[in-house]
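Biologist: Please put the model on screen. I would like to go through it one question at a time.

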Amino acid sequence: MRKNRTETYLGSCTVCNFCVLVFRKDVKRYNVRIRSDGSVRLSVPLTATLSDAKPLLLQHQRWIAKKRRQVLLARDKAAAQPAPSQAELASQKAWLSSRVPTLLSRYEDALGVQCTRWRLRPMVSRWGSCNVRTGRITLNTELARLPICCLESVVVHELCHLRVANHSPAFYALMDEQFPAWRQARKIMNANPPKRASGLS
Ligand SMILES: [Zn+2]
C-alpha cells in the first residue's frame, strides 16, 4: 500500500512515556499512525506547527496508548508463530492463484483499469503493493490465512491506486464505492499481521 506524499520532520513529542514523531505533510487532517514496531507518527497539515500538535496528542494520549498496546500485542503474537514452511507457502499460493484472476478482472472492469502483471510473495510489513507506473501488483501470500474479504479488499485497494495514486479522500471514496467492506477487512488484517517472511518468493 503505497504512499508518495513528501513529508518534513517537525520534531517529537513525549506522550505516555513514548515518543511521537511529528511530520508535516500535504494532508487536510491530523493523522496518527502506529507502526508495527510500536513507533507512533503524527502527520499534520502543511500550515501546522509542533505547538499545534502537542495539545492534540495530549487530548488523545489514552487512545494512542491503547492502540499502541494492541499493535505491540499483535506483533508479539505474530513473532511467536513460525514462518510458513515451503509446503505451506505452496498451498497459500495455490489458494490465492485460484481466486486472484477472477477478483482482478471483476474490479478491473468496474474501475476501468488494467493490472499488467501480478505476483504473490511473502511480505512482512505490507499486504499488497502497486507500481502505478508499470501497473504491476504484488500480493502478500499471507492473505491466504485470512477470510477472502481481506484478499478482495487488498485487490481493490491496489487497483484503486491505478486510478488514484495516493491515499487521499478521493482514494477512499473510490474504495467505499467499490468495496464498502474494506474497513471491516482492515480490522481483521490489523489484528492478524503477516507472519515473518520465510525469505522465499
Ligand atoms: Zn495504498
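Biologist: This is a predicted model. Which residues does Arg-99 touch, not counting residues up to four places away in sequence?

Modeller: The model is predicted, as you say. Arg-99 is found in the loop between α3 (86-97) and α4. Leaving out residues up to four places away in sequence, the residues that Arg-99 touches are Ile-148 and Leu-151.

Biologist: Is Arg-99 buried, exposed or partly exposed?

Modeller: Arg-99 has 15 other C-beta atoms within 10 Å. A residue counts as buried at 20 or more and as exposed at 12 or fewer. The count for Arg-99 is 15, so the class is partly exposed.

Biologist: How far apart in space are Arg-99 and Asn-192?

Modeller: In sequence, Arg-99 and Asn-192 are 93 residues apart. In space, C-alpha to C-alpha, the distance between Arg-99 and Asn-192 is 21 Å.

Biologist: Are α4 and α5 roughly parallel, roughly perpendicular or oblique to each other?

Modeller: The axes of α4 (residues 100-111) and α5 (residues 148-161) come within 10 Å and cross at roughly 40°. Angles under 35 degrees count as roughly parallel, and 65 to 115 as roughly perpendicular. The pair α4 and α5 is therefore oblique.

Biologist: How many nonpolar residues does the contact of α4 with α5 have?

Modeller: From α4, the contact includes Val-100, Leu-103 and Tyr-107, and from α5 it includes Leu-151, Val-155 and Cys-160. By class, the contact of α4 with α5 has no polar residues and two charged ones. The number of nonpolar residues in this contact is ten.

Biologist: Which strands stand at the edges of the open sheet, and why is one side of each left without a neighbour?

Modeller: Four strands form the sheet, with mixed pairing, in the order β1-β2-β4-β3. Each edge strand has a single partner strand, so one side of it is left without a neighbour in the sheet. The edge strands are β1 (7-15) and β3 (31-34).

Biologist: In which sense, parallel or antiparallel, do β2 and β4 pair?

Modeller: Strand β2 covers residues 18-25 and strand β4 covers residues 40-44. Val-20 stands opposite Val-40 in β4. Over five bridges, the sense of the β2 and β4 pairing is parallel.

Biologist: Which helix lies across β1, β2, β3 and β4?

Modeller: Helix α1 (residues 50-59) lies across β1, β2 and β4, at about 40° to β1. The helix that lies across β1, β2, β3 and β4 covers residues 61-80 and runs at about 30° to β3. That helix is α2.

Terms used:
Residues numbered from 1 in each chain as written. Predicted model: local features only at pLDDT ≥ 70, side-chain atom pairs only at ≥ 80, totals over all residues. Pairing = 2+ DSSP bridges. Helix = DSSP H or I, 4+ residues; strand = E, 2+ residues; numbered from the N terminus. Contact = placed C-beta atoms within 7 Å. Axes fitted to C-alpha atoms, helices over the stretch in contact; angles between N-to-C directions. Parallel < 35°, antiparallel > 145°, perpendicular 65-115°, else oblique. Nonpolar A, V, L, I, M, F, W, Y, C, P; charged D, E, K, R; others polar.
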